[in-house]
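Dear colleague,

Please find the structure handed over below. The notes after it set out what was found.

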Amino acid sequence: MRRAKEDIAKMRRAGRVVAEMHELCTEAAKPGATTLDIDRVAREVIDRRGARSNFLGYHGFPAVICTSPNDVIVHGIPSDRVALEEGDIIGLDCGAIIEGWHADAAVTVPVGEVSAEARTLMDATRDSLRAGIEQIRDGNRLFDIGAAVQAVAEGAGFSVVREYVGHGIGTAMHEPPQIPNYRPADGGRGIKIKVGHVFAVEPMVNAGGPETFLMDDGWTVVTADGSLSAHFEHTIAVTDDGPEVLTLP
């Protein structure tokens, strides 16, 4: 669905709240901090900015953010029993609602000094998101986004998760269309991208194979082979001048 400029302006405000959550949660992701400590930081931002959380209560999710360390791909539940250690990496997936309009973004950050593999994985995943964003232009096709993500991630020697994808976003956090992080097997290019579309693009990239495993809590998704995973996401609006990332500071 195409959005009016005034609606995108509200999503931009929500995006700035998400960007602040990322900034302060990244600062909080230090050795010894628990993932619940980081969630508390995010809650403070939401409250201070007069926003609402689009994660809390979503299908019963119990927290304001998802915290996904090391081999957790997405949807990790913050806990006072999970303490960060030097060398960990952690995905921080945050969202906010302003006047009924949503923004959603994720970043993976290092905890202290990390391995060369972890650093390269994070860089490649971030670069794959940038490549996908470059495709979000009026007249391009939806699946060109995932093709660009896949080319960068696999070109760096990593694998792209298939089971979890990006999405449209607006008055709900998850709206059509689904946005895969790869070119579908049938080789199609998908719908035409138009000015006013708003997408949440979110590469999930594994150091090992692409296979996933859902834990017994019904939320936490891990790599099947125990390898590291990184997750980056932005909410992007299609404008006459190209893609505008709404979840930047």
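This is a predicted model: local features need pLDDT of at least 70, side-chain atom pairs count only at pLDDT 80 or more; totals for chains, interfaces and linings use all residues.

Residues are numbered from 1 along each chain as its sequence is written, and side-chain values use heavy atoms, with hydrogens and water left out.

Sheets. Helices (H or I, at least four residues) and strands (E, at least two) are DSSP runs numbered from the N terminus, and two strands are taken as paired if DSSP finds at least two bridges between them. An open sheet of five strands runs in the order β7-β6-β8-β13-β14, with antiparallel pairing. Its edges are β7 and β14, each with a single partner strand, so one side of each has no neighbour in the sheet. From one strand to the next the twist averages 30 degrees (axes are lines fitted to C-alpha atoms, for helices over the stretch in contact, and angles run from 0 to 180 degrees between N-to-C directions). Strand β13 (residues 234-239) pairs with β14 in the antiparallel sense over four bridges, and A237 stands opposite E244 in β14.

Another open sheet has three strands in the order β5-β9-β12, again with antiparallel pairing. Here β5 (159-160) and β12 (229-231) stand at the edges with a single partner strand each, so one side of each is left without a neighbour in the sheet. Strand β9 (residues 204-206) and β12 pair in the antiparallel sense over three bridges, and V205 stands opposite A230 in β12.

Salt bridges. A search of the whole structure gives 14 salt bridges (a side-chain nitrogen of Lys or Arg within 4 Å of a carboxyl oxygen of Asp or Glu). E244 takes part in one of them, meeting the side chain of R12 at 2.7 Å, N to O. R12 lies in helix α1 (residues 5-28) and E244 in strand β14 (residues 242-245), so this pair ties together parts that are 232 residues apart in sequence. For accessibility, buried means under 20% relative accessible area, exposed over 50%, and partly exposed in between (1.4 Å probe, protein chains only). R12 is partly exposed at 24%, and E244 is partly exposed at 24%.

D144 forms a salt bridge with R183, the closest N and O atoms being 3.3 Å apart. Since D144 belongs to helix α4 (residues 143-155) and R183 to the loop between β7 (175-179) and β8 (198-201), the pair ties together parts that are 39 residues apart in sequence. D144 is buried, with a relative accessible area of 9%, whereas R183 is partly exposed at 29%. Salt bridges that share partners also join K10, R13 and E99 into one network.

The largest pocket holds about 470 Å³ of space. A pocket is an open set of points on a 1 Å grid over the protein atoms alone, where a 1.4 Å probe fits, with protein on both sides within 12 Å along at least five of seven lines; lining residues have an atom within 4 Å of a point. The volume is the space filled by probe spheres set on the points, which are joined across faces, edges and corners. Its lining comprises 25 residues, with Y58, H75, H167, H174 and E202 nearest the centre. Strand β7 gives the most to this lining, with four residues.

Kind regards
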